[in-house]
Amino acid sequence: MRLQRVGTAGPAKRRRYGSSKGEALAFYGFLSPWIIGTAALTLFPVGYALYLSFTAWDGVSVFKPWVGLANYREVLTSSDTLSSLSKTLLLVAIIVPTTIVGSLVLAVLLNERVRGRTFFRTLIYIPAIVPPVASALIWKVVFDQNSGAANRVGAMFGVDAVNWLTGNRAFVVLVVVLLWGVGAGIIINLAALQTVPMEQLEAVKLDGGNALTAFRHVTLPVISPVLLFQTVLVTITTLQTFVPALLLSPISTGGGDVYTNIPNANRVYMVDVYSQFFAYSRYGYGSAMLTVFFLVIVVLTVLIFKLVGRSVFYAVDPTASGKG
Amino acid sequence: MALDEKTRVPVARRTPAHGTARPAWHQRRPKHPVIFTVLLVVSVLMVLPFAELVISSLRSTNAVNEDTWLPSAFEWSNYKKVVTLIPFWRFARNSVVLSALFALLTTLSSAVVGYGFARLRAPGKNLLFGLLISTMMVPQIVTLIPTYLLFANFGLVGTYWPWVLWGTAGAPYAIFLYRQFFSSFPKELEEAAVIDGAGRIRIFVQIFLPLSRPLLVTAFVLAFNTVWGDFIAPNLLLDQDNTTLAVGVGNGYVINQGFPLPNLIAGGALLYVVPVVILFLAAQRSYVRGFANSGLKG
């Protein structure tokens with residue numbers, strides 16, 4: 001029985017491993033759902049949006065008037081768009097460093113043998129899995145002018161009740177909503193901390209270094225690729241902030257132009273994009289805004305790699321570097 | 001005393017070995033009171049908004065504006081209004097069906113694609129992998145509006161089809177995780193199977209898939225949460241009266257003049273978020289392991 005099998009294995013092995021044509025066919029077979037899906041649902045839409053960005057389409061007409069670079073000129077000069085872009089960048093400048101440092105510190109603390117740390121990890125991580133709709137509504141309730149806890153805490157210190165959801169204060173609430181998810185990175189950070197070689201930490205201590213030296217010279221280099229990956233991810237997600245800004249607005253009835261209810265301080269880039277598309281039916285201009293948005297992401301990602309990437313330390317684990 | 005004996009034995013055994021051994025007495029008493037306190041405070045801060053949500057959901061509509069910490073009366077009947085003022089159960093069914101459908105499809109599809117990237121060689125592979133990484137950077141929003149126009153063209157608006165198609169295409173993030181995970185398997189695993197006469201599909205289904213259980217859980221939970229939490233796609237692609245909970249709860253609970261009802265919003269948000277938390281708690285161990293197994297090996 002066994003011998004027979006081995007006997008047939010020779011040609012079978014050559015057929016499957018030797019023929020690179022068959023392997024290539026298998027490769028494209030396995031990848032086909034993704035290749036077809038990406039072509040139809042990512043590449044085509046991106047190309048179509050790029051085409052629309054050179055038109056003044058209203059979203060309904062059959063005719064899509066070609067306007068060349070006019071939309072782009074407007075994106076780069078419109079004070080509304082530049083203001084929404086700068087608000088978004090401010091949000092990124094606040095959220096990204098706080099989230100990255102915050103989740104790193106929390107992960108380092110959770111990595112210590114502290115009683116109940118699994119319980120703490122769960123509690124700190126849960127806000128990160130709460131969907132944006134729910135976190136916006138939760139904080140809307142907390143910051144409600146009349147019944148919210150925020151004003152009740154204020155009253156304890158003799159501060160008069162204020163309306164948190166209008167004016168510039170709305171931006172503070174938006175920041176709070178996004179910072180609530182600070183725990184999002186702790187699981188991947190904790191996993192990364194497990195890969196830090198204990199022997200090297202011990203070696204630093206033997207050389208008379210303290211915990212901070214060990215962290216700086218051993219831990220940080222080892223986990224830096226994970227931190228870089230997270231920085232890019234958090235930057236992209238923060239740039240896309242939309243749902244919290246929409247649902248924090250004082251009244252969102254779902255009907256009419258809901259975007260005008262959003263206080264000016266929270267009119268971030270995506271709010272601007274949505275109102276261009278769905279309140280003003282400016283599909284061409286909205287598409288140009290999306291193209292510019294994508295370029296902003298590319299530029300920021302390259303910047304992060306240039307600024308942070310330089311200090312990222314690869315190939316600590318020989319088994320990891322071998323597989324690339 | 002007997003307990004002390006028990007705990008002391010492993011200490012004696014472990015400590016001389018090397019630095020990685022964790023003496024058992026670390027777990028016996030809080031060794032780091034400062035760290036413990038910091039974690040406790042952060043945890044409480046993270047959970048407090050949920051407590052406020054529960055309390056708010058129980059205030060009566062006539063007394064939503066009272067400024068006391070606890071409501072003067074607990075209005076449990078609010079929850080009846082939460083599920084009747086909007087077609088809550090219809091929305092919930094849509095959310096469950098769409099999230100589960102998408103998660104199931106994308107979990108399997110991403111595994112298939114991830115296997116291809118990890119274990120097979122072909123011309124153009126590096127280019128396609130570069131494309132995969134680049135699509136991770138394309139925000140949903142950039143593709144969604146043109147995709148919406150595409151779906152409208154084919155009459156797919158108001159149906160579940162967009163989620164089926166998205167699910168089948170796989171999710172770049174999940175594909176990446178699978179690829180990392182499958183790359184770490186030894187080559188002998190396949191060679192032995194080939195000797196037994198197994199084809200690629202059988203190798204994948206019978207060897208690789210069963211070994212990737214934690215990652216399957218991670219991918220499923222991530223995908224389920226993505227659709228459950230997605231407001232933008234269902235808001236664009238589904239009818240307002242036959243949409244998902246995310247849209248229904250996000251837009252609902254206002255009386256005719258457009259005034260919001262904070263107590264019902266709180267109740268709706270709570271009912272909407274509870275399934276996600278339960279799913280996470282149930283899957284937590286595998287979920288964490290899935291990340292640990294794959295996210296880091298490069």
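User: What makes the crossing of H11(A) and H14(A) right-handed?

Analyst: Handedness goes by how the near helix is turned from the far one, by less than a right angle, and clockwise counts as right-handed. The crossing of H11(A) and H14(A) in this predicted model comes out right-handed.

User: Why is H11(A) called roughly antiparallel to H14(A)?

Analyst: The axes of H11 (residues 211-239) and H14 (residues 283-307) of chain A cross at roughly 155 degrees, coming within 10 Å. Angles over 145 degrees count as roughly antiparallel, so H11(A) gets that label against H14(A).

User: Which residues meet there, and how do they divide by class?

Analyst: From H11(A), the residues include A:Leu228, A:Val232 and A:Ile236, and they face a set in H14(A) that includes A:Phe293, A:Leu300 and A:Phe305. By class, the contact has 9 nonpolar, 3 polar and no charged residues.

User: Why is H5(B) called oblique to H12(B)?

Analyst: H5 (residues 88-119) and H12 (residues 213-229) of chain B pack at about 140 degrees, with axes 8 Å apart. Roughly antiparallel needs an angle over 145, and roughly perpendicular covers 65 to 115. The angle therefore falls in the rest, and H5(B) is oblique to H12(B). The crossing of these two is right-handed.

User: What sits in the contact of H5(B) with H12(B)?

Analyst: Among them are B:Phe102 and B:Leu104 in H5(B), with B:Phe220, B:Phe224 and B:Trp228 in H12(B). The tally is 13 nonpolar, 4 polar and no charged.

User: How do you know that B:Glu52 and A:Arg152 form a salt bridge?

Analyst: Their side chains come to 2.9 Å, N to O. The cut-off is 4 Å between a Lys or Arg nitrogen and an Asp or Glu carboxyl oxygen, so the pair qualifies. Between chain A and chain B the count is 2 salt bridges.

User: What makes A:Arg282 and A:Glu74 a salt bridge, and where are they?

Analyst: Their closest N and O atoms are 2.9 Å apart, and 4 Å is the limit. The pair links distant parts of the chain, 208 residues apart: A:Arg282 is in the loop between H13 and H14 of chain A, A:Glu74 in helix H3 of chain A. Over all chains, the search finds 6 salt bridges.

Terms used:
Residues numbered from 1 in each chain as written. Chains lettered and ligands numbered in written order. Predicted model: local features only at pLDDT ≥ 70, side-chain atom pairs only at ≥ 80, totals over all residues. Heavy atoms only, no water. Axes fitted to C-alpha atoms, helices over the stretch in contact; angles between N-to-C directions. Helix = DSSP H or I, 4+ residues; strand = E, 2+ residues; numbered from the N terminus. Parallel < 35°, antiparallel > 145°, perpendicular 65-115°, else oblique. Contact = heavy atoms within 4.5 Å. Nonpolar A, V, L, I, M, F, W, Y, C, P; charged D, E, K, R; others polar.
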